[in-house]
Each structure stands twice: as C-alpha cells, then as structure tokens.
Amino acid sequence: VSALFWYVGLIPDLATMRDRAKTRVRQVAYGIFALGWRGSVRQWHHYEAAYLLLAALATPLVLSVHSVVSMDFAVSVLPGWHTTVFPPYFVAGAIFSGFAMVLTLMVICRKAFGLDHIITMRHFDLMAKIMLVTGTMVGYAYATEFFVAMYSGNPFESFTFLNRATGPFAWSYWIMVSCNVLVPQVFWLKRFRQSIPVMFVVSLLVNVGMWFERFTIIVTSLHRDFLPSNWSYYKPTIFDYSVIVGSFGFFFMWFLLFCRFFPAISIAEVKSVLWTAKKNAAAPAARTEETVHA
Amino acid sequence: MRNPFAKRPEPSRGVLALYEDPDTLLRAAALAKEHGFAEMDAYTPYPVHGLSEALGVRQSWVPYVTLVMGLTGAALGLTFEIWTSAVDWPINVGGKPYVSLPAFIPIMFECGVLLGGTMTLAALLLACGLPNLKKPILDRDLTNDRFGLWVPEMGPDWNEARILQVLKSTGPSDLRVVRV
C-alpha cells in the first residue's frame with residue numbers, strides 16, 4: 001500500500017516528464033510509467049479522492065507495522081523483550097528515526113539540487129520539533145522500561161537491565177541513550193533548529209543512536225539469558241558486516257537512481273501553490289479574500 | 001452513477017483553448033457551461049479547485065470502492081482466521097477460545113487495508129481510463145504550464161464557429177481546432 005501511494009503520487013509528474021522529454025527514448029519510458037495520464041478534470045477529480053484515501057489507509061499502517069513487530073518481541077519470554085511498553089515505544093522510535101533519516105537525506109538533496117526555496121527553514125524547524133518530541137518520548141520509554149524492570153521484583157528482569165547499563169555492552173546502551181535522548185535536546189533552542197550543520201550532525205547521531213537501540217535490545221537480551229553456560233560476548237562475523245554494508249548499498253543505489261531519473265519534489269503539488277503565491281504577492285490587499293477562495 | 005464500463009463515444013475533433021492561468025480557465029469554463037457546450041473537459045497540470053463544479057463533473061465514486069473493498073478485505077481476513085483456528089485445525093492454546101477476536105484484529109486490519117488500497121488504485125485507473133497509451137496528447141504544455149478547455153465534437157448540433165467565437169471572448173493564449 002505504501003508503494004501504491006508512492007506510485008500514484010508520481011503519475012502526474014511522470015506525465016510532465018513525458019511531455020517535457022527531449023528524446024524519444026525518454027518520452028516512451030516516462031510515457032509507459034505515466035500510464036497515459038492526461039490531467040483532465042475528471043482524472044484529477046478521481047485522483048484527488050483516491051490519493052487522499054490511500055494516504056488515510058497508509059497512515060495507520062505506521063502504527064500497525066511497528067506495534068506488530070514489537071509484539072513479536074514482547075510475546076517471547078526473554079527478559080528485556082517481554083514488555084508491554086514495546087508497541088508505543090517502537091512506534092515513537094520509528095517516527096523518530098524516520099524523521100532523522102529523512103532529514104539527513106533532505107539536507108544532502110537540498111544542497112545538491114539547490115532546493116533551498118522549496119525546502120525552507122520552516123520545514124527544518126518543524127522537523128526538528130518533531131524529533132525533539134519523539135526523542136523525548138523514546139527517552140521516557142527507556143526510563144519506564146528500566147523502572148518497571150526494577151520495580152517488578154523479578155530478578156531476571158532487573159539483572160538484564162542492570163547488565164545493559166553496566167555490563168559488557170554498556171557502551172552500546174550509553175551510545176543509545178546519549179544519541180537518542182540527550183543530543184536532540186539541543187532542539188529546545190531556536191538557534192539550533194535554524195542551523196543546517198547542527199541539524200545534519202544531530203540527525204546522523206540519531207540514526208546511529210537508533211541503530212544502537214535495536215542492537216541493545218537484541219544483543220544484550222540474548223547474550224546473557226537464563227543459563228549462565230549460554231553467556232558469551234557477541235562479535236559480528238564477516239557475514240553480519242556484509243549484510244549491513246550491502247543493505248546500505250542497496251538503499252542508496254535506489255535512492256540515487258530515483259533522484260537522478262524522477263522528480264525529488266512533487267512537481268504538481270508545488271505548482272498548485274505557485275499560482276496562489278503569485279497572486280498573493282501581486283495583490284497583498286486582496287490576500288484574505290483570495291486565501292478563503294483558494 | 002454512470003456505468004464505468006460503458007464506452008464513451010470518441011470524438012474525432014474538437015476546439016482546444018489554452019490559458020495562461022487557472023483563474024481565466026475557470027471563468028471560461030463557467031461561460032462555456034452557460035452556453036450549453038456538451039461533454040467539455042479541461043486539462044490542467046495540477047488539480048484546480050472549483051473546476052469540476054464549473055464543468056458539472058459528478059462526485060467521484062472511488063471512495064465507495066475503498067469502503068466496500070476495505071470492509072470486504074477485513075471480513076475475508078476474519079473468515080479465514082476463524083476457519084483456520086476454529087474449523088479446519090482447532091488447537092487449544094492455554095484454554096483460550098478458538099475464536100479469539102482480539103488476536104484477530106491486526107490481521108483483519110491488514111487485510112482490509114490491503115484489499116482497500118489495491119482496489120482503490122484499480123478503481124482510480126478504471127475511472128481515469130488508464131492505462132491508455134494511445135489517446136492522443138492534445139498539447140504537451142497541458143501537463144506543464146498551460147490550462148486547456150476542450151470542447152469535443154458531439155452530435156450534429158456541434159457548431160464550430162459559435163464555439164470559437166464564444167471561447168475567443170474569454171482571452172485564451174491559443175485557440176485552435178484539433179483533430180484527434
């Protein structure tokens with residue numbers, strides 16, 4: 001459904017690319033993917049209804065996907081995984097790391113394509129605020145999880161959490177806490193929400209922190225379970241490293257190919273605000289009336 | 001609701017008026033509607049609000065498809081879950097009821113979203129007559145920066161001279177008869 005939403009959003013822009021194509025090959029290639037879109041009033045009419053509905057269907061998927069994944073952990077008996085706080089914790093973490101990743105890519109894209117007039121500082125400011133909120137929610141979840149483990153009186157639970165914070169993988173736990181909870185707190189200050197370099201560095205650190213969150217959850221719970229004879233220290237093998245390098249490569253391959261061949265910013269959506277903006281600039285007195293009309 | 005499968009008659013020519021901005025197009029569409037031109041269409045690079053009202057386009061039926069198909073998907077998901085866990089191979093898990101609705105909700109939801117979403121796309125394509133790679137492109141600027149009003153040849157009372165005269169008064173940047 002996410003892929004459908006993404007593709008439907010591209011159709012009118014693909015038609016624009018088709019009609020602006022300078023070579024026959026491009027015209028045919030974009031034409032096939034544009035499916036013969038003409039932009040007639042009836043097409044737009046159905047399109048707007050369908051696009052809104054797909055958005056409405058895709059939004060709750062964010063919640064369901066991450067809460068179901070988190071319940072896969074929670075139904076196990078392993079201390080550190082067997083927690084009821086997991087669904088909201090994972091959803092907040094997903095939004096948090098999603099925004100961080102988008103911010104990282106956006107900074108690069110904006111710089112590379114000169115999109116400063118379209119992706120404005122206001123967008124960055126709002127994204128920074130969301131990261132501050134979700135980062136703090138994630139921090140709250142860390143605290144709740146720790147408190148409940150201690151308060152439960154279950155020796156396995158409290159051992160697991162003390163082991164996370166002070167055991168052999170303490171470095172990973174504290175990278176997670178500092179990158180995800182402490183670092184985003186700089187966004188309380190407007191000065192940092194207006195600075196691209198600060199936001200870029202913070203978003204990178206959050207990406208690192210969220211990676212370590214998954215590492216901490218998975219590895220520290222598994223490396224010392226109920227039987228001390230099972231205890232060991234996790235060391236990634238060459239295959240583990242290959243998987244992570246390969247997945248980065250796979251992602252960036254598609255991302256860069258997309259940026260090269262498709263519009264990185266929705267053309268039709270930007271155009272639709274251009275005319276209103278132009279009118280408002282031309283006649284500031286008539287502004288309120290026009291805005292109501294639009 | 002019009003039958004979406006019904007074949008519309010394909011006109012062989014029509015008058016195309018191009019405008020520089022959406023407001024002029026909206027005014028022209030209203031005027032043309034007053035003159036009673038039939039089966040008009042407008043082509044714009046982005047959705048222009050008020051245009052479908054001006055041309056009298058009926059409300060989209062796509063949302064009904066989403067609703068019905070979403071509910072059907074959820075019902076099918078639920079039926080399948082009940083069948084697998086209570087009918088075909090009942091397993092007693094810790095004394096829980098075979099038909100344990102709370103546990104079935106995520107799958108019901110996912111099935112509803114899946115069927116609702118894919119069928120919304122199918123309905124959209126059907127409603128827009130897509131994919132249709134053969135339909136001629138009236139003007140390449142229509143997906144770019146021009147707003148077009150299209151009055152196709154419909155029936156014997158189609159009067160080219162009158163249409164041209166009416167549309168000329170609306171101030172188009174380009175006005176021509178297109179054969180398709």
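Modeller: Gladly, and burial comes first: a residue is buried under 20% relative accessible area, exposed over 50%, and partly exposed in between, using a 1.4 Å probe and protein chains only. The model is predicted, so local features need pLDDT of at least 70 and side-chain atom pairs count only at pLDDT 80 or more, while totals for chains, interfaces and linings use all residues. Residues are numbered from 1 along each chain as its sequence is written, chains are lettered from A and ligands numbered from 1 in the order in which they are written, and side-chain values use heavy atoms, leaving out hydrogens and water.

Side chains of opposite charge can pair when their charged atoms come close. Over all chains, the structure holds three salt bridges (a side-chain nitrogen of Lys or Arg within 4 Å of a carboxyl oxygen of Asp or Glu).

Let us start with R193(A), which counts as buried at 10% relative accessibility. Its side chain meets that of D125(A) in a salt bridge, 3.0 Å from N to O. This pair links distant parts of the chain, with R193(A) in helix α8 (residues 190-193) of chain A and D125(A) in helix α5 of chain A, 68 residues apart. Helices here are DSSP runs of H or I, at least four residues long, numbered from the N terminus.

D125(A) is buried too, with a relative accessible area of 7%, and it also forms a salt bridge with K129(A), where the closest N and O atoms are 3.3 Å apart. Here both partners lie in helix α5 (residues 121-151) of chain A, four residues apart, about one turn of the helix. K129(A) is partly exposed, at 37% relative accessible area.

The remaining pair is R164(A) with E145(A), whose side chains meet at 3.8 Å, N to O. R164(A) sits in helix α6 (residues 155-166) of chain A and E145(A) in helix α5 of chain A, 19 residues apart, so described as linking distant parts of the chain. Both R164(A) and E145(A) are buried. Through shared partners, salt bridges join D125(A), K129(A) and R193(A) into one network.

As for the boundary between the chains, the count of salt bridges between chain A and chain B is zero. The rule does find four residue pairs in polar contact across that interface, both residues at pLDDT 80 or more (a pair of N or O atoms within 3.5 Å; within protein, one must be able to donate a hydrogen and the other to accept it, and residues adjacent in sequence count only if both atoms are side-chain atoms).

Methods
Helix = DSSP H or I, 4+ residues; strand = E, 2+ residues; numbered from the N terminus.
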